[in-house]
Amino acid sequence: MFHGPAPAPPPTAMVVAAASARCLVIVPHSRPAAALRLPRRITRPPLSCSTSASPLVTVASMDAPPQGYRTNVGICLANPSLTKIFSASRIDIPSAWQMPQGGIDAGEEPRAAAIRELREETGVTSAEIVAEAPNWLTYDFPPDVREKLNARWGTDWKGQAQKWFLFRFTGNDDEINLNGDGSEKPEFAEWTWMTPQEVIEKAVEFKKPVYEEALKHFTPYLQSDPTPSS
């Protein structure tokens, strides 16, 4: 079942257009957040490119996000049973579904940014961090998206370097409010719980490689949905 928001102010949000996916840069993070249980087996191959069903992916070894990319957090909010993931449609592009994300403020730690962005975009405060992806996942903006966003921000970012966090929602669905905490203009029109595969399939093309990599890191913590398929 899809959920709509409470009455919202006029929509203003990031304009996202689907385009051919760029080269994904996966940047290992040398200092995972304390007290988080991360997967023990982490493969860190040398610089290489490989092709698969997904677009071209580059794996690079770096100690920090690459220059020229806006630092950002991605939020994978799982339901209490860790079987489904929150995904929402954008107000400006209803066909584009995504997980919450947002920029990291100057001097802000990624973990704190993730908690803030979750509250600002979904109104959720009843959640706990389960895991943090050990790598920075970077995607390029398609040319038209890059032009529009940089014009809005007064910047010249190539794309975004994201630190991803898996949260477990501990509240009830009625806590989720797409008007957020009122500090920012709403970005989403409706939301639902999806399987990890559905989240990837519904995402715009240039974000799919990042979603695939983030969910690979979080798979050890997610549970199979016991609900039989019809």
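Me: Contact here means heavy atoms within 4.5 Å; on that basis, which residues does Gly68 touch?
Reply: Leaving aside residues up to four places away in sequence, Gly68 touches Trp157, Lys158 and Gly159. This is a predicted model, in which local features need pLDDT of at least 70, side-chain atom pairs count only at pLDDT 80 or more, and totals for chains, interfaces and linings use all residues. Residues are numbered from 1 along each chain as its sequence is written, and side-chain values use heavy atoms, with hydrogens and water left out.

Me: Why is Gly68 called partly exposed?
Reply: Buried means under 20% relative accessible area, exposed means over 50%, and partly exposed lies in between (1.4 Å probe, protein chains only); Gly68 has a relative accessible area of 26%, and is therefore partly exposed.

Me: What makes Arg90 and Glu187 a salt bridge?
Reply: A salt bridge is a side-chain nitrogen of Lys or Arg within 4 Å of a carboxyl oxygen of Asp or Glu, and the closest N and O atoms of Arg90 and Glu187 are 3.6 Å apart, so the pair qualifies.

Me: How do you know whether Glu205 and Lys208 are buried or partly exposed?
Reply: Glu205, at 37% relative accessibility, counts as partly exposed, whereas Lys208 has a relative accessible area of 17% and is therefore buried. Their closest N and O atoms are 2.9 Å apart, in a salt bridge.

Key: Contact means heavy atoms within 4.5 Å.
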